[in-house]
Structures are given as structure tokens and as C-alpha cells.
Amino acid sequence: MTDDYLSRIGNLIRDARKHRGWTQTQLADVLNTSQSAVNRIEKGHQNLTLEMLARIGEALDSEIVSLGGGPVHLRVVGGLRLSGAIDVKSSKNAGVALLCASLLNKGRTTLRKVARIEEVNRLLEVLNSIGVRTTWLNDAGDLEIVPPAHLDLGAMDAAAARRTRSIIMFLGPLLHREDTFQLPYAGGCDLGTRTVEPHMTALRPFGLDVKATAGEYHAVVNRAITPVKPIVLTERGDTVTENALMAAARIDGVTVIRNASSNYMVQDLCFYLELLGVKVEGVGSTTLTVHGKAEIDVDVDYAPSEDPIEAMSLLTAAIVTGSEITIRRAPVEFLEIELALLEEMGLDYSRSDEYLAENGRTRLVDLTTRPSQLHAPIDKIHPMPFPGLNIDNLPFFAVIAAKATGQTLIHDWVYENRAIYLTDLNKLGGRVKLLDPHRVMVEGPTHFSGAEIMCPPALRPAVVTLIAMMAAKGTSVLRSVYVINRGYEDLATRLNSLGAQIETFRDI
């Protein structure tokens, strides 16, 4: 390698290390080398073998410095029973909302046990690019966020912003910090057209006007306009409610939000706002009364609760592989409808007494599954806003229904084409019939067989496909799994800890 290439590679390694929040000594420990060797590598003063490059890329989980630089795939040996116990990690959707909400605060925000997922990584790249200092404090995932006095929105990392849907939640906080600003179009999962109009309806009463042109949202704020009557959301969406909450948090007065989502990530945001000194009445209901503050400058420490969707993912993996495992720290109040439906289908399981999450508010239990003979439910399965069956948990019932005896109708009325991706189960031997873009009929029981499949572009159907592969006879390959890494931290590794056999690899 030439000195120029060594220097450029060293810079990439240094940037990837800093993005992960590691010191040179921490990287050296993982590589089983010395801090001085890492220092020489980052300065371009050390020759590198292909083996060392591969080890560095794996240690930093960085495609930039990994061999091949191509997509990540999973090789799954199916038909294995799982055993043991596993903790549910903190909520992905709460984590990204709290990262956006940290822009409301001039002080330091410390978030505990934040999931190190790609969606969080993209948001951190955006925040870092506009001047926010973020630091991973330890291996537990504690994250410190310190905003600057003035944001440099002109330097925003547009590429990172376009790879996340969460960027839309910058609208609520930024309207208090900037008179005019631009945001790239939101990206993320391919779930069909998701209009931003509900967000605009929620934020216009705060003086925000947004026009979408040339791949960007162009925002202008009229500070003479403040809410004069209750804000009625036209869609009881989670991110819409969060945007309205963040906008109301910095209004010096009382704002009433009606038809609000009461889902888990919204509740976590409310609890965080209360630490900032913003009183929120009606948490857990569809009417929120927000007593805002014009200025917020406090140092706060908050632990978002556990992720009910990850809990459902682990529960599904246990069910379809016929396994007995214990899923610890499951947020039961956001899983009660799902568990009631699974009981109706014949699931044999037990739960511990309830205890509180670290936020002191969310109810948790430990769930222990046992191999069960399932049958199709009497009625169709469909999602509803909380406290109904969670929209993100609906796809898991497709693979569960595939293992049950009888026909199950699944109605995904929220997204106009997510149900289509559930037909990928047919490539593994499933019998899933697409009735229209919103409905599938699943017939079971199914004996899955291994296959090679391109990963669906939507997060939950992608994990459903992976779980079906775990239950399939033989070896399967799931290609290009970035979308899974958007929403799950080390999912393959964690499933392997229970006895699964999932190998991560790249094409070289």
C-alpha cells in the first residue's frame, strides 16, 4: 500500500472508531494489539494486511473499512431448538424520539442503554454534523448528548438523514431554534407512500409552514402564530404525536393535543419531557395537556423502557421453533393484546409478577414459553392504535399463523404494501395467499424448508423471514440485511446465544 492509501485508510479507521465512541486503547484491546499500534495505523504509518483490515472492520462494525464493503448477509441453519434466557433491549422507537427531543434542551442529556442500531447511528451522524456532541459512555449503551449554542444546519449530513424516517421528528424541536431551515426527505423502510401532511396539520398551529421541493422540506416559522385552540391530530400516529409534543414543549403556555397516540414511545417521550420541567397531563390517554417552557436548560438522565416489538420478535422465534426460553424485561402493558390472542391460539407460557422499568413507570414481566400446538384464531388479526394490537407486531402473526392449524386472515390496513412482503414466506414453503395489498390468508401448519431470499425492504417482514428460516429444515441465506440492523442490535448474535446458528457474512 502507498503512503497516501495508508493515510486515507487510517483516517477512515479513526473516524469509525470515534463514531463508535471508542478510545484507541479500547480498539487495541479488541484487536489484541497495543494503543501505539492503533495510533500508527490511524496516522498511516503502519502497513496493514487484509486480515487486519477485516478484523478492524468487524470490531468497529463499519462497512467503510470492511473487506468488500458490500451488503451484509445471514446464513441460517434451521430446525434448531432454542433454550436459555435473554433480556429485551431498550426501545428503538423511544430512543430515536429522545435523540430528536434532546434538541429541545440546552443542557446535557444522558440516555441509558440506548440500542446501538443503524437507525440510531444515522441520527447520530446527523446530530454530529450540525454540531451536537454525542459520546458513548460505556459498553452498556449509555449515551451523552450535548447540543451547541447554535446549530450548523447548513452542514447537515444529508445522506445519513435520507436513510432514516426519524428525521421528520426534527421539525418539532427545530421550529423553536431556527426561523428558516431545510431537511432532506425522510427515508427508511419501504412501506409505501407515507404522507407528511399529518405532521403539517399538527405543526401549523405553532407557526410552521413547510414546502417540499427538490428533495427537501423547506420550513419557515412565523413566531406570531401560537396555538389558540386544542390541536386535533388527523392521524393518531406515533411520530405525529411526538412532533406535536416537542413543538408544545417550548411554548410558554398550555397546549392541548387531541387524538394523540398513547403508544410506548410517546409515553417515554412524555416522561423525558417531565424531566425537562415540562408538565404533561393525560399520559397514556388520547388527550395530552402540555404545560410548556420557553427555555429549557437542564442536565437530565433518563432510561427509556424496553422494546415491546423486540420482545414480540423473541417470543415469535420461540413459538415457531417450538422452544422453551425466558424473555426477561418484557413491557407487558404493550403486549397484553398480543398475549391474549396467542393464548386464544393455544400458546402455553407463564409470566412473572410485574416490576418496574428503570424509568420507574413502565410495567415489565419475564415470559417463559413452552412448546405448544397452535390453532388459527376465530377472527381475523388486525392492528389498532394502543391499547390495541401493535401495528409493528402484526407481521409476526404471519409466521406464527403459518405454524398453526387452520386458516388465518391478517389485515394490515395501515400500510398499503407491507402485507405483500409476507408472501416471501412462500419461498420457504409457506402457504400465504395475497388477497389485496392489505390482506393475506395464511394456511397452516407449515413445514418450512431452507431457501435463499433477498431481504424484504421493510423491517418487520424482514425479521419474520429470518425467524421462518430458523424454523426451516436445512440452511437458508437472507441477503442484504441492513434493514434488520436499522431496528435491532446484534440480533443474530443474541439469537445465537439461545442456540440458533446464524452466521453473518459478506461477498468478497
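Which residue stands opposite T109 in β5? Select T109 and β5 together, and I145 is the residue that stands opposite T109 there.

**Before going on**

This is a predicted model, in which local features need pLDDT of at least 70 and side-chain atom pairs count only at pLDDT 80 or more, while totals for chains, interfaces and linings use all residues. Residues are numbered from 1 along each chain as its sequence is written, and side-chain values use heavy atoms, with hydrogens and water left out.

Colour the chain by pLDDT, the predictor's confidence in each residue, from 0 to 100: the chain averages 90, and 94% of the residues score at least 70. Over residues 188–194 the pLDDT is below 50, although this stretch has 27 contacts in the model beyond near neighbours in sequence, contact meaning heavy atoms within 4.5 Å. Where pLDDT is low, the predicted coordinates should not be read in detail.

**Stop 1: the sheet that holds T109**

Helices (H or I, at least four residues) and strands (E, at least two) are DSSP runs, numbered from the N terminus, and two strands pair if DSSP finds at least two bridges between them. Select β3 (residues 109–111) and β5 (residues 143–146), which pair in the antiparallel sense over 3 bridges.

In the loop between β3 and α6 (118–129), pick out K113, whose phi is near 55 degrees, a positive value in a residue other than glycine. K113 counts as partly exposed at 42% relative accessibility, where buried means under 20% relative accessible area, exposed over 50%, and partly exposed in between (1.4 Å probe, protein chains only).

**Stop 2: around Y264**

Show the side chains of Y264, F334 and F386, which form one aromatic cluster; rings of Phe, Tyr and Trp (its six-membered ring) pair if their centres lie within 6.5 Å, and planes under 30 degrees apart count as stacked, over 60 as edge-to-face and the rest as tilted. By this rule the count comes to 3 aromatic pairs. Y264 and F334 make an edge-to-face pair, 5.9 Å centre to centre with 65 degrees between the planes. That pair links distant parts of the chain, with Y264 in helix α11 and F334 in the loop between β14 (324–331) and α13 (336–344), 70 residues apart. Y264 is buried at 3% relative accessibility, and F334 is buried at 5%.

Move to N263, in the loop between β10 (254–258) and α11, which is buried with a relative accessible area of 7%. Leaving aside its neighbours within four places in sequence, N263 is in contact with D238, F334, F386 and N390. F386 also takes part in a cis peptide bond with P387, with omega about 15 degrees.

**Stop 3: the β18-β20-β19 sheet**

Select the 3 strands of a second open sheet, in the order β18-β20-β19, where the pairing is antiparallel. Its edge strands are β18 (406–411) and β19, each pairing on one side only, and the twist averages 20 degrees from one strand to the next. Between β19 (residues 431–436) and β20 (residues 439–444) there are 5 bridges, and a hairpin joins these two strands through 2 residues. Within this pairing, V432 stands opposite V442 in β20. On the other pairing, 6 bridges join β18 to β20, and the bridge partner of H411 in β20 is R439. Finish here at the cis peptide bond from G444 to P445, with omega near 5 degrees, where P445 lies in the loop between β20 and β21 (452–454).

Notes
Axes are lines fitted to C-alpha atoms, for helices over the stretch in contact, and angles run from 0 to 180 degrees between N-to-C directions.
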